[in-house]
Amino acid sequence: MKRIVLLGPPGAGKGTQAVRISEKYNIPHISTGDIFRANVKEGTPLGKKAKEYMDQGLLVPDSLVCDLVEDRLRAEDCANGYLLDGFPRTVFQAERLDSYLMSQCMQLDAVVDIEVAPEALLPRLTGRRVCSKCGATYHMLSHPPKAEGVCDVCGGEVIQRADDSEETVMNRLKVYEAQTAPLIDYYGEDDRLLRIDGEKTPAEVFEQIIEAIGE
Ligand code: AP5
Ligand code: MG
Ligand code: ZN
């Protein structure tokens, strides 16, 4: 049983690590960013609203996020824990999560903060490519797909995320500093925060995370 939150700035490697962590502990990977992107792709009303904010690198309003996550956490596959990637992202969301957990007599087992210096984030994000079908993550320089534009895992088309243009990335980094970085203090006040050096290789980052969380 593990209930884990992954914190870290855009491009820290949350998604990259989440795939490995969720496999290791056999818990669902819940990424609010992925949920919104799926809604945008399907053209749902939620997707249409979320897109207005995502395209500008702004956070989707808390009112559109919190109920959605709570509903997801009530699903059967969350009974043995889960990995939250990209939620909470504001102090309001963190407080909502804590009060939801308290109402269920539950608590988080770990909050993992993946630390990467700001100057390393821009090249990671502008060079990122993702599979439009299965979501696998690549990087033009450090981890390109074997055949250009084709996903190694599923053969799907590898594309650039809409919010990975330099201009939007700069906004996302500002929004992170203003609205999400305060969560480091929020969780740092008790013993839940595990600080991880995110500037090692993905395999080394994963090792540190497992060591910090425990079996
Ligand atoms: P979201 O999808 O959560 O984006 P993000 O937080 O900006 O984070 P990213 O997915 O960009 O980065 P990542 O840390 O997952 O890095 P990755 O592993 O891909 O959110 C998108 C938008 O949705 C938000 O802007 C907002 O509008 C909205 N949203 C989502 N959740 C919300 C919420 N709770 N409230 C309100 N709005 C919300 O890696 C990045 C690159 O680096 C890749 O190319 C990868 O190959 C490479 N890389 C990874 N690890 C390493 C390593 N160790 N060394 C070198 N390169 C590496
Ligand atoms: Mg991600
Ligand atoms: Zn794929």
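This is a predicted model: local features need pLDDT of at least 70, side-chain atom pairs count only at pLDDT 80 or more; totals for chains, interfaces and linings use all residues.
Reader: How does Cys-134 count at 40% relative accessibility?

Author: At that value, Cys-134 counts as partly exposed. Residues are numbered from 1 along each chain as its sequence is written, chains are lettered from A and ligands numbered from 1 in the order written, and side-chain values use heavy atoms, without hydrogens or water.

Reader: Which residues coordinate the zinc ion (ligand 3)?

Author: Donors here are N, O and S atoms within 2.8 Å of the metal (3.2 Å for Na, K and Ca); water is not among the atoms, so sites may look incomplete. In this structure the zinc ion is held at 2.3 Å by the SG atoms of Cys-131, Cys-134, Cys-151 and Cys-154. Along the chain, these donors follow the spacing C-x2-C-x16-C-x2-C.

Reader: What links do Cys-134 and Cys-151 make between parts of the chain?

Author: They bring distant parts together: Cys-134 belongs to the loop between β5 (128-131) and β6, and Cys-151, 17 residues apart from it, to the loop between β6 and β7 (158-159). The element names rest on DSSP runs numbered from the N terminus, with helices (H or I) of at least four residues and strands (E) of at least two.

Reader: Let us turn to ligand 1. Which of the 34 residues around it come nearest?

Author: A residue belongs near a molecule if one of its heavy atoms lies within 4 Å of it. For ligand 1, the nearest are Thr-16, Leu-58, Arg-89, Arg-128 and Arg-172.

Reader: Which polar side-chain atom lies 2.6 Å from an oxygen atom of ligand 1?

Author: That atom belongs to Arg-89. Polar contacts are pairs of N or O atoms within 3.5 Å; within protein, one must be able to donate a hydrogen and the other to accept it, and residues adjacent in sequence count only if both atoms are side-chain atoms. Nitrogen atoms of ligand 1 are involved too: one is 2.7 Å from an N or O atom in the side chain of Thr-32, and a polar side-chain atom of Gln-93 lies 3.0 Å from a nitrogen. Taken alone, ligand 1 exposes 1000 Å², and the protein buries 94% of that, with areas taken from the Shrake-Rupley method and a 1.4 Å probe.

Reader: Which elements give two or more residues to the shell around ligand 1?

Author: They are α1 (14-25), α2 (32-42), α6 (118-126) and β6 (137-139). The largest share, 4 residues, comes from α2.

Reader: Which side chain does Asp-98 meet in a polar contact of 3.2 Å?

Author: The partner is Arg-192. Asp-98 sits in helix α5 (residues 91-103) and counts as buried, at 18% relative accessibility.

Reader: Now the backbone. Where is the peptide bond that is cis, with omega near -5 degrees?

Author: It runs from Phe-87 to Pro-88. Pro-88 lies in the loop between β3 (81-85) and α5.

Reader: What is the phi of Asn-26, and what is that of Cys-105?

Author: For Asn-26, phi is near 55 degrees, a positive value in a residue other than glycine. Cys-105, also not a glycine, has a positive phi of about 55 degrees. Asn-26 is in the loop between α1 and β2 (29-31) and is exposed at 67%. Cys-105 is in the loop between α5 and β4 (110-115) and counts as exposed at 74% relative accessibility.

Reader: Last, how many residues apart in sequence are Leu-173 and Gly-57?

Author: They are 116 residues apart in sequence, with 8.5 Å from C-alpha to C-alpha. Leu-173 is part of helix α7 (residues 166-180) and counts as buried at 16% relative accessibility. Val-158 of strand β7 is also buried, at 12%; its C-alpha is 8.2 Å from that of Pro-145, 13 residues apart in sequence.

Terms used. Buried means under 20% relative accessible area, exposed over 50%, partly exposed in between (1.4 Å probe, protein chains only).
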